[in-house]
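Reader: I should like to learn how to read a protein model step by step. May we take it as a series of questions and answers?

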Amino acid sequence: MTPISRRSFVLGGLAAAGAAAVPAYSSVVNATAAVPYPFQLGVASGEPDASSVVLWTRLAPSPLNADGQGGMANTNVVVDWQVSTDDRFTTLVASGSVTATYAAAHSVHVVAGGLSPDADYYYRFRAQGHLSPVGRTRTAPAPGTNGRDLVMAFTSCSHYEEGYFTVYRRMAEDNPGVILHLGDYIYEYGATSGRPRLHAGTSEIVSLADYRRRYAQYKSDPDLQAAHAAAPWIVVPDDHEVENNVAGNVRADSTPALTAAQWTARRTAAYKAYYENMPLRPAQAPGGASIPLYRRLPWGKLASFHMLDTRQYRNDQACGDGWKVCSDADLASRSLPGNAQETWLLNNLAQRTATWDVIGQQVFFARRFNSTGASMDSWDGYRASRARIQQGWVDRGVRNPLVLTGDVHRAWASNLVADYNNPASAVIGQELVTSSVSSGGDGDGATTIPDVGTNPWLKFYNNRRGYVRTTFSPTQLRADFRAVAKVSEHGAAATTVKSFVVEEGRPGLQTV
Ligand code: FE
Ligand code: CA
């Protein structure tokens, strides 16, 4: 099947929204179903390995109900699922049934196993006499094999109120093999008028019902549903899945006022809702007010995805947050990933099982000093930690490290150098920073690199909303920075504003 027909099928399946256009499941007649359509949040898949993938959906016939339960009654519902090699579901390779519970907001996480490596699959669900939209997913190559070249698209920061999710639609249309989301999938703020769209709920979200409804509102967006249906996702949260600029378990905001117990309850609610709404494996289920998210996903011999959590484990806030001047000595004891995750990452990198070691994380990695100092919310606030990681990959002979970043609502690209006090020191890797899906609004299109005089390793800047489309082969990495001119209106075209390549074994961004 050509990529174009595959794409039309997936998007067409969404448009059909489980109506009779989707064949098989022959006992089902949607038109006569007795209950309203429960698949209004779409479908998703994620966490691919060489033999399995997570399939996700959440039943919610009335997504915006204030109780967060999406219009579902307090009863269990059986959800059937199917995986097929073809988009008509004539050849099933896996199928089964799971129970969607009220306690989990009728979300389901199916680990569909027994799949072939480096293969494309289609999946769908059935519940209450209705069929879900159809999603496409893919498995990783077997260990030690390259498989096909991989198109991986990544983005972050989708503020529903600040713009339409056209970027998600354009990502889906690229027909990627996998999508990474680097956080700020939702924002916690209450409704603010005068913007392109409006959050449901007037106050900042705090309770489990609030977070569940917020995810349901975002997931009702057809462009977001298209991106989930197009490819398996690998996700990590940033701050806004809980609250702005949370560092460790310390609040940066003082509103709304919360007691210590209320803050713990809020984190517990935020992480429960995050897990319920993301295609994560059961190993990532939260335990109370924390959630185990840093993890490695091998992609055969081609790539390893080391997904970091740069929020929960910040272990020292000496010097505070914001943009300011802090000395290396003041920051010496601060670790961004925390000591355990830092050790875990370096042990992972030492394995060198793949050509490209991709570090998927949230906040700006390369040094970026300006006249007011540096952002203490980025790796500049944790310089010793950054230096240990960079020197760690050099010492371990990692040939092709690549850092991926979100958070800053602008596109950037940077070389990573061995010593930021010596701009002439060796280039030892690259950082690609995605712009946002919608956060920040349309943007001014500026391309002049801020403060490049004092940060000469910075190679690209663009202030439009967008994503990065990467293509991995055994010999080369290509990165296309994609941008849309507007998110204040729906449906803008995406254009490539800059492309770089990196040759295997030769760190450094090369302009195409
Ligand atoms: Fe953001
Ligand atoms: Ca953020």
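Author: Let us begin with a definition: Ala, Val, Leu, Ile, Met, Phe, Trp, Tyr, Cys and Pro count as nonpolar, Asp, Glu, Lys and Arg as charged, and the others, Gly among them, as polar. Please also note that this is a predicted model.

Reader: How do the residues that line the largest cavity divide into nonpolar, polar and charged?

Author: The lining consists of Pro237, Asp238, Glu241, Val242, Val246, Tyr271, Asp309, Arg311 and Gln312. Sorted by class, its lining residues are 4 nonpolar, 1 polar and 4 charged.

Reader: Is Asp238 buried or exposed?

Author: Asp238 is one of the residues that line the largest cavity. Buried means under 20% relative accessible area. Because its relative accessibility is 4%, Asp238 counts as buried.

Reader: Which residues are the protein donors of the calcium ion (ligand 2)?

Author: The spacing of the donor residues in sequence is D-x53-D-D-x167-D. The donors lie 2.3 to 2.6 Å from the calcium ion. They are Asp184 (OD), Asp238 (OD), Asp239 (OD) and Asp407 (OD).

Reader: Which residue coordinates both the calcium ion (ligand 2) and the iron ion (ligand 1)?

Author: The calcium ion and the iron ion are 3.8 Å apart. The residue that coordinates both is Asp184.

Reader: What is the phi of Asp407, which is not a glycine?

Author: Asp407 is found in the loop between strand 17 (401–405) and strand 18 (411–417). With a relative accessible area of 18%, Asp407 is buried. Its phi is positive, at about 75°.

Reader: Where does Asp451 lie, and is it buried or partly exposed?

Author: Asp451, like Asp407, is not a glycine and has a positive phi; for Asp451 the value is about 55°. Asp451 lies in the loop between strand 19 (427–433) and strand 20 (458–462). Because its relative accessibility is 35%, Asp451 counts as partly exposed.

Reader: What is the volume of the largest pocket?

Author: The volume of the largest pocket is about 440 Å³. Of its 22 lining residues, the closest to its centre are Trp323, Arg368, Ser375, Asp407 and Val408. By class, the lining holds 9 nonpolar, 7 polar and 6 charged residues. To end on the value requested, the volume is about 440 Å³.

Reader: Which helix gives the most to the lining of the second largest pocket?

Author: The second largest pocket has a volume of about 260 Å³. It is lined by 15 residues, and those nearest its centre are Arg383, Ala387, Ala418, Asp419 and Tyr420. The element that gives the most to this lining, with 7 residues, is helix 7 (residues 383–395).

Reader: How far apart are the end C-alpha atoms of helix 5 (residues 260–277)?

Author: Among the buried residues of helix 5 are Trp263, Arg266 and Tyr271. What covers the buried residues of this helix includes strand 2 (53–58) and helix 3 (208–219). At 1.5 Å a residue, the 18 residues of helix 5 should span 26 Å. The distance between the end C-alpha atoms agrees, at 26 Å.

Reader: Which residues are joined by a cis peptide bond?

Author: Pro256 is placed in the loop between strand 11 and helix 5. The omega of the cis peptide bond is about -5°. The residues that this bond joins are Thr255 and Pro256.

Note on methods
Residues numbered from 1 in each chain as written. Chains lettered and ligands numbered in written order. Predicted model: local features only at pLDDT ≥ 70, side-chain atom pairs only at ≥ 80, totals over all residues. Heavy atoms only, no water. Donors = N, O, S within 2.8 Å, 3.2 Å for Na, K, Ca; no water. Buried < 20%, exposed > 50% of the residue type's maximum accessible area, 1.4 Å probe, protein only. 1 Å grid on protein atoms, 1.4 Å probe; cavity = no way out; pocket = protein on both sides within 12 Å on 5 of 7 lines; lining within 4 Å. Points joined across faces, edges and corners; volume = space filled by probe spheres on them. Helix = DSSP H or I, 4+ residues; strand = E, 2+ residues; numbered from the N terminus. Expected span 1.5 Å × (residues − 1). Contact = heavy atoms within 4.5 Å.
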